[in-house]
Amino acid sequence: MTEAGPIFLPKGFKFSSATAGIKASGKPDLALIVADRPASAAALFTKNLIAAAPIEVGRSSLAKSYGRVRAVIVNSGNANCATGPAGIRACKKVCSELAHLLNVKPTEVFPSSTGIIGVNLTVEKISAQLKSLLEKSGTSPDHFRQFASAILTTDTRLKLASMPLRNGKAAVIGVAKGSGMIHPQLATMLVYILTDVIATPAELRRLLRKACAETFNTISIDGDTSTNDTVLLLASGASGVRMRSVQKEFEKALRGVCQSLAEQIVADGEGVQHVIRLRIEQAKNRTEAVQVARTIAHSLLVKTAWAGADPNWGRILAALGRSGVQVNPKRVTIFIGAQKVCSASIACLFDERAAHEELSKAESRVTVQLGRGRARLEFLTTDLTTDYVRINADYST
């Protein structure tokens, strides 16, 4: 299911990558997905009000094409954000040139960008590679991995997940990039999920919203919401399997792929040493559970304590108290691993060494019980290390 496991590729798609010279490193920075026929599509985008040019163009194109996509073109190394009308023109030109080569409408080409904000996109570098991208495109797992590699920025590894449907008659596969600027409402992440099931854009939209709410919207590395976040779901229909005949299986597979990619993004967070499974229990509803989780996960004092594997539960309690949820301190309980460290907002006797060892693991568990109801939520987050500061202090240089 993950990069280490088998890859189940859906039929009806081709992939390729190229080096256009957008990244200073000289690594591949241009990636392409081509559908044999117009694929049904649904997408979710960043909620950041400063949205990049490809977000505006992609959202508009999906509406104009009535949810049909023939190609996805992705560049990394440049976000094409805060570039004004020139950025929109650059994005549209790339889509038009690729559409011309495919003999399709420009609105059937879906653009994405990721990288540095505020730098004009050099269209000529991309244009020079489009014909080659099409000629090199293929259907093998290696072609898919090349696509996955070309969309990365500060990521240290590929992020892939796939699941078969109907004993291999169809499949769901996902690829993602994301390492920093990760915060609920999506994250600095680009995610492309493909299936060969026959589905309408409306069916895909409904299922994608539900899957993202349960996965990508319950992760956070640093609390920053990107300008370029995109999750795109495409269905080629090439398997001949109809959605209504596999809907429950598809929903499970879609959620599984999204969950795996979300976990891979968090585990590859910039400078991350410890992944924390933050469980909020006994909340009145999911909304307040998310509110509490985000407040705790975004606290710099909490995150730096986790970086040192310090079982400083007082910082968690303090973050909870300012979350805006009207908790009763006498009903709050905190666990680190299986150990109760705080009850009724008062310290418990606990084994500090064992708590330190729990937080020293690559992945550990912290549970906060609110004593207000039955709703629960697991929220994936991380520590905050000096490596995160180093990576982001040097990012644009």
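1. Strand S10 (residues 333-336) pairs with strand S11 (residues 339-343) through 4 bridges in the antiparallel sense. Isoleucine 336 has glutamine 339 as its bridge partner in S11. Strands here are DSSP E runs of at least two residues, helices are H or I runs of at least four, both numbered from the N terminus, and two strands pair if DSSP finds at least two bridges between them.

2. A word on the basis. This is a predicted model, in which local features need pLDDT of at least 70 and side-chain atom pairs count only at pLDDT 80 or more, while totals for chains, interfaces and linings use all residues. Residues are numbered from 1 along each chain as its sequence is written, and side-chain values use heavy atoms, with hydrogens and water left out.

3. Now the sheet. Its 6 strands form an open sheet in the order S12-S11-S10-S13-S9-S14, with mixed pairing. S12 and strand S14 (375-382) are the edge strands, each pairing on one side only.

4. Strand S2 (residues 30-45) runs antiparallel to S3, and 7 bridges join them. Leucine 30 has asparagine 75 as its bridge partner in S3. Strand S3 (residues 68-78) is largely enclosed by the rest of the structure, because 9 of its 11 residues are buried (under 20% relative accessible area, with exposed over 50% and partly exposed in between; 1.4 Å probe, protein chains only).

5. Finally, aspartate 351. This residue lies in the loop between strand S12 (346-347) and helix H10 (352-360). Its relative accessibility is 42%, so aspartate 351 counts as partly exposed.
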